[in-house]
Amino acid sequence: MANANNSLVKAAPPSFSVFAKSDKSQKTLMSYFPSDKDRARFTSAIITAVSQNPLIANCTNESIMSAGLKCVNYDFLPGGDLGDAYLIPFGNKCTVMLGYKGLIRLAQRSGKVRTLNM
């Protein structure tokens, strides 16, 4: 793309919702979610998390998707709606931080914890 001075201008990256719904992203998500329903649920959850926090929208699309897929590894949905895992922006990179509810759920699932006192 060129501007009025005929010099090259770097095109802005697509918004995250366009990126998440792209064929390339959906093809990647197929390996995590064979079911169309689960893939749509994940896509909706991560787009909602990004739209709720404008600082996350400043992160690279790839880092947001990577952070969301790390949530999936813990069997959580991205975003802090349930308090399990949160998407946190650090500069232009997005990362995952487990919430205390997520830590409790992981401990309970492990089968090695009998009781938790808080």
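**Cysteines**

I looked up Cys 94 first: its closest cysteine sulfur, in Cys 59, lies 4.9 Å away, too far for a bond. I used the cut-off for a disulfide, a pair of cysteine sulfur atoms within 2.5 Å. I count zero disulfides in the structure. Cys 94 is buried, at 10% relative accessible area, and Cys 59 is buried at 5%. Here buried means under 20% relative accessible area and exposed over 50%, with partly exposed in between (1.4 Å probe, protein chains only).

**Basis**

I note that the model is predicted: local features need pLDDT of at least 70, side-chain atom pairs count only at pLDDT 80 or more, and totals for chains, interfaces and linings use all residues. Residues are numbered from 1 along each chain as its sequence is written, and side-chain values use heavy atoms, with hydrogens and water left out.

**Helix H2**

I took helices as DSSP runs (H or I, at least four residues), numbered from the N terminus. In helix H2 (residues 23-32), I find Ser 25, Gln 26 and Leu 29 buried. They fall within an arc of 95° seen down the axis of H2, so they line one face of the helix; the arc is taken from the directions from the helix axis to the C-beta atoms. On the face turned away from the buried side I list the exposed Asp 23, Lys 24, Lys 27 and Ser 31. The buried residues of H2 pack against helices H1 (16-21), H3 (36-52) and H5 (61-73).

**Ser 63**

I placed Ser 63 in helix H5. Ser 63 counts as buried, at 11% relative accessibility. Leaving out residues up to four places away in sequence, I find Ser 63 touching Asn 92, Lys 93 and Cys 94, where contact means heavy atoms within 4.5 Å.

Technical notes. Helices (H or I, at least four residues) and strands (E, at least two) are DSSP runs, numbered from the N terminus.
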